[in-house]
Amino acid sequence: MNKYRYEEIAAEIALNITEGRLKPGHKLPSVRSLKKQYQAGLSTIQKAYELLIITGLVESIPKSGFYVALAKGWHSTKQIPVPSQIRLRDELFRNNLLAITSNRDPLKRHRLQEFNVATPDDTFIPQKMILRNMQQVIRENGTQLLRYYPSNGSEPLKEHITKRAALNHGNFDADGLIITDGALQAFYIAMATVTSPGDAVAIESPCVFSMLQVLTSLKLKIVEIPVLEPEGFDLNFLEESLKMIPIKAIALTPNFHNPTGYLMSDENKRRLLEIAKAKDIPIIENDVYGDLNFSDHRPGNISSMDDSGLVMTFSSYSKTLASGIRLGWLFTGRFFKVAEQIKFALGSTVSPIYQETMLKILATTSYERHIHSFRMKLASQCYQTIELISTHFPEKTLISTPKGGYSIWLKMDKDIDMAKFHAHCGEIGVRFTPGYTFSYSNAFEQYFRIVFAIRYTGQSMDVLRQAGILAGKS
């Protein structure tokens, strides 16, 4: 259908805006100037501007004229075509992100059983304890919480983190700690501290997508080191890789690796440390699941065995308390000077409310009581999940046996169409994390992860049973 003249004029102006030739805040020609330019009537030009205002591309300022809107937005895409180049997306990144995150649609979330998000279920979060302490912090500190805190974090908080680590044979010192906005920021700081773009780094494989994305953002080359049953990181493969590749850093999760749940033995931790020390290679140790042991013994950190300062350890409270508490920490070893500067560049302080709340929680026995209860619940959930999978999934399904943490790693028979399996799971209302998100290779196409940090209901058990039946038909 032919367009009206005012639509054609509006479309031409819109194209100049969306393709960047007319910048936000730019003053546009008057109605009379455009009347002369387009040889059109005043009413035609006025209608063109009215259409641009409706679509959010133009603003009218009384007694001043028309301007390109500062916040561009389309309320209608039917009248004026929007060039496809306006918003570029990385489809691999978007697909992986959707696979590991919760559905944003509240109606769909209500119907979904999400075994794909590595966060504690609401029923496992100590909501009353957290909110009680947070409210007390607000009452006691008032407007002080609205100011900047020290860039590296609250000194009393770092002291309590250090004292708690000492109880688990950690040898951190408060001066070497940096409080961060979660574990992922801590990992970013650590990796940026000891590498430069183009360097090669060794990373566990499978590895969570968020850590892989940090390495990509830092423009690093990735050497994937296999994680083997039962002790994880393959040290023999690492040693062979070091003979051929100048690896600048080693990153791993020795305590309850995600997604397998494997625990590296103290013997292998010491061996890894000796390998790193021989070549002066920093180790970046992820300990976010270290408190979530199923046995009575909380495993130690590689940094507790280190006297060289080569090991940097990071963790957070998003896995043990609540995902919304954006507070982590990084022990910087001998790399404090550079790490401190990078942290400042990323943001001068972490939320004072979170810092003061965690300080109050760690100052009492509240955290220890919660962790003791939480890890026992997780152990129970883990065994129940393994039983459900063993009963209802195909006989050839391989299942990891976690020693702590949140997740189980499964491998399906090579004859099963995994794309079809995940599509069918979506139809019955259950989501798992596809194996392809855990590597930049195609090594894990037949794998997927189940997060069991939830309280089982009749519905969640039923969809697992149905998923197992579907797997046998895929």
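Guide: Start with a helix pair: Leu-184, Phe-187, Tyr-188 and Met-191 in α8 meet Ser-210, Met-211, Val-214 and Leu-215 in α9. This is a predicted model, where local features need pLDDT of at least 70 and side-chain atom pairs pLDDT of 80 or more, while totals for chains, interfaces and linings use all residues. Residues are numbered from 1 along each chain as its sequence is written, and side-chain values use heavy atoms, without hydrogens or water.

Visitor: What makes this a contact between α8 and α9?

Guide: The residues listed from α8 meet those listed from α9, and contact means heavy atoms within 4.5 Å. By class, the contact has seven nonpolar, one polar and no charged residues. Here Ala, Val, Leu, Ile, Met, Phe, Trp, Tyr, Cys and Pro are nonpolar, Asp, Glu, Lys and Arg charged, and the others, Gly among them, polar.

Visitor: How is the packing of α8 and α9 described?

Guide: The angle is about 35 degrees, and the axes lie 10 Å apart. Axes are lines fitted to C-alpha atoms over the stretch in contact, with angles from 0 to 180 degrees between N-to-C directions. The crossing is right-handed: the near helix is turned clockwise from the far one by less than a right angle.

Visitor: Why is Val-194 called buried?

Guide: Its relative accessible area is 16%. Buried means under 20%, exposed over 50%, partly exposed in between (1.4 Å probe, protein chains only). So Val-194 counts as buried. Val-194 sits in α8 (residues 183–194). Beyond residues up to four places away in sequence, Val-194 touches Lys-248, Ala-249, Pro-282, Ile-284, Met-312 and Phe-335.

Visitor: Which residues of α9 are buried?

Guide: Phe-209, Met-211, Leu-212, Val-214 and Leu-215. α9 covers residues 209–217.

Visitor: Why is Lys-219 called exposed?

Guide: Its relative accessibility is 59%, so Lys-219 counts as exposed. Lys-219 lies in the loop between α9 and β6 (221–228). Its phi is positive, about 60 degrees, although Lys-219 is not a glycine. Most residues other than glycine have a negative phi, and most peptide bonds are trans.

Visitor: What makes Asp-280 partly exposed?

Guide: A relative accessible area of 46% makes Asp-280 partly exposed. Asp-280 is in the loop between α11 and β9 (283–286). Its phi is positive too, near 55 degrees.

Visitor: Which omega goes with the cis bond from Ser-205 to Pro-206?

Guide: Omega is near 10 degrees there. Pro-206 is in the loop between β5 (200–205) and α9. A cis bond also joins Asn-258 and Pro-259, with omega about 25 degrees. Pro-259 belongs to the loop between β8 (247–252) and α11 (266–279).

Visitor: How many cavities does the search find?

Guide: Two, of 30 Å³ or more. A cavity is a set of points on a 1 Å grid over the protein atoms alone where a 1.4 Å probe fits but cannot get out, and lining residues have an atom within 4 Å of a point. Points join across faces, edges and corners, and volume is the space filled by probe spheres set on them. The largest cavity holds about 180 Å³. Of its 16 lining residues, Arg-164, Asp-287, Asp-291, Arg-298 and Trp-329 are the closest to its centre.

Visitor: Which helix gives the most to the lining of the largest cavity?

Guide: α7, with three residues. Helices (H or I, at least four residues) and strands (E, at least two) are DSSP runs, numbered from the N terminus. The chain has 16 helices and 16 strands.

Conventions:
On a 1 Å grid over the protein atoms alone, a cavity is a set of points where a 1.4 Å probe fits but cannot get out, and a pocket is an open set with protein on both sides within 12 Å along at least five of seven lines; lining residues have an atom within 4 Å of a point.
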